[in-house]
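Here is a briefing on a predicted two-chain model. Have the sequence and the structure in view while you read.

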Amino acid sequence: MMTGIFKTILLIGVLLYLMLIIYLMKKGRMSLKYSLVWFLAGVVLLVCALFPQIVGFFTDLLGIYSEVNGVFFIGVCFILLIILSLTSIASGLSDRIRTLVQTQAMLEKRVRELEEKLAESEKN
Amino acid sequence: MKVLVIIPAYNEALNIVNTVNTLKSTCPEVDYVVVNDCSQDNTAAICKEHGFNFLSLPINLGIGGGMQCGYRYAFANGYDIAIQFDGDGQHNAEYIKDLIAPIEAGEADLVIGSRFINKEGFQTSSMRRLGINVLGLTLKICGGVKITDATSGFRAVSRDVIEFFSHHYAQDYPEPEAIIAARVSGFRVKEVPVVMNERTAGVSSINTFKSIYYMIKVTLAIIIYKLVGKKWR
């Protein structure tokens, strides 16, 4: 059983969390693409706080003793999912940066050589 | 055939002039490009001053990203063969023709210069030899190819492999990982004997302290690549 006080804390916490996400998005500090998994986590936890009987149904089914443990379990699953998505995002970004840096180096070489040629032809 | 020698250089101010000049006098028929991986010393200024053909990365990408830049340059400029050649004076330019020969004959796509076939010249510490043997065994099991010098950065590749590497080049442990990547994609890998020198000046990027940790990571990386790596094309 979830106590009333835990339910209240969970509810307030989840609401603050959702507000923070919306605030960050409004400020343009989080893009929509990356906010989806955070939103999903928030909504699932909100449902857990509002309807603990749903959590109770699943904890009974899985043999988890207390609903609170079930909520923690769901939370940990989301944290893992979010960290995994961050690693994937970071890998994608480093790929793009690498390609960009290499392209820049090749362009820099062309510009440098063109400038040298230009300087030479101006001398003559 | 158009041949490009790619010389990765990170903080090689003490060696780079010697390396490039020796290369130019030994193999005047090949082109070269120095890839300055955002060195903190004056490697870039030295290259400019001597009129070397060089690429200068604006941020440090590490040896994998630097080499890949060289491969992209080779692909964009229509080279048939690309050669990796260290900027620290460890590699002997006179062996470049031996490295190219199997590719010109159509016998191999990736040719590695090994210092352990004839066991001549600089042979490195026994601790690192052990590590290189473990890598060789891993590559034999995972790639089905006999490699005696998996960490050798002295290698030549064909046009097809230039294209492959310009799109996908191992970033973290490039030398051994590039071998398994080439094998998974069905390229033929061959080793030829070479003689290497000890570094003349400067400090190598790998120290003995990190060697064991490096070994474990690279072995795992090879196995993981074999299990999940995709065939290119």
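**Helix 3 against helix 6 in chain B**

In helix 3 of chain B, B:Gln68, B:Tyr71, B:Arg72, B:Ala74 and B:Phe75 meet B:Ile162, B:Glu163, B:Phe165 and B:Ser166 of helix 6 of chain B. Two residues are in contact if their C-beta atoms, placed from the backbone, lie within 7 Å. Helices (H or I, at least four residues) and strands (E, at least two) are DSSP runs, numbered from the N terminus.

This is a predicted model: local features need pLDDT of at least 70, side-chain atom pairs count only at pLDDT 80 or more, and totals for chains, interfaces and linings use all residues. Residues are numbered from 1 along each chain as its sequence is written, while chains are lettered from A and ligands numbered from 1 in the order in which they are written.

- By class, this contact of helix 3 with helix 6 of chain B has five nonpolar, two polar and two charged residues. Ala, Val, Leu, Ile, Met, Phe, Trp, Tyr, Cys and Pro count as nonpolar, Asp, Glu, Lys and Arg as charged, and the others, Gly among them, as polar.
- The axes of helix 3 (residues 62-76) and helix 6 (residues 159-167) of chain B come within 8 Å and cross at roughly 130°. Axes are lines fitted to C-alpha atoms, for helices over the stretch in contact, and angles run from 0 to 180 degrees between N-to-C directions.
- Helix 3 and helix 6 of chain B are therefore oblique to each other. Angles under 35 degrees count as roughly parallel, over 145 as roughly antiparallel, 65 to 115 as roughly perpendicular and the rest as oblique.
- The crossing of helix 3 and helix 6 of chain B is left-handed. That term applies if the near helix is turned anticlockwise from the far one by less than a right angle; clockwise is right-handed.

**Chain B overall**

- Chain B holds eight helices and seven strands.
- Its radius of gyration is 16 Å, close to the 17 Å that the globule rule gives for 233 residues, so chain B is as compact as a globular protein of that length. The radius is taken over C-alpha atoms, and the rule is 2.2 Å times the number of residues to the power 0.38.
- The C-alpha atoms of chain B fill a box of roughly 50 × 40 × 35 Å along the principal axes.
- Of the 233 residues in chain B, 50% are buried. A residue is buried if 20 or more other C-beta atoms lie within 10 Å of its own, exposed if 12 or fewer, and partly exposed in between; C-beta atoms are placed from the backbone.
- Among contacts in chain B with a separation of 6 or more, 78% come from residues 24 or more positions apart.

**Local points in chain B**

- Helix 7 (residues 174-184) of chain B is mostly covered, with 10 of its 11 residues buried. Among them are B:Ile179, B:Ile180 and B:Arg183.
- Just after helix 7 of chain B, B:Gly186 takes a positive phi of about 85°.
- B:Asn11 has a positive phi near 50° without being a glycine. B:Asn11 sits in the loop between strand 1 (3-9) and helix 1 (16-26) of chain B. B:Asn11 is buried, with 20 other C-beta atoms within 10 Å.
- B:Lys119, also other than glycine, has a positive phi near 55°. B:Lys119 is in the loop between strand 5 (110-114) and helix 5 (126-143) of chain B. B:Lys119 is exposed, with 11 other C-beta atoms within 10 Å.

**Chain A**

- Chain A has four helices and zero strands.
- The radius of gyration of chain A is 26 Å, well over the 14 Å that the globule rule gives for 124 residues, so chain A is more spread out than a compact globule.
- The C-alpha atoms of chain A fill a box of roughly 90 × 30 × 15 Å along the principal axes.
- Buried residues make up 13% of the 124 residues in chain A.
- Helix 1 (residues 4-26) and helix 2 (residues 32-50) of chain A pack at about 160°, with their axes 9 Å apart. These two helices of chain A are therefore roughly antiparallel.
- Helix 3 (residues 52-62) and helix 4 (residues 67-123) of chain A pack at about 90°, with their axes 9 Å apart. Helix 3 and helix 4 of chain A are therefore roughly perpendicular.

**Between the chains**

- Eight residues from chain A and 11 residues from chain B form the contact.
- The side of chain A that touches chain B has three nonpolar, two polar and three charged residues.
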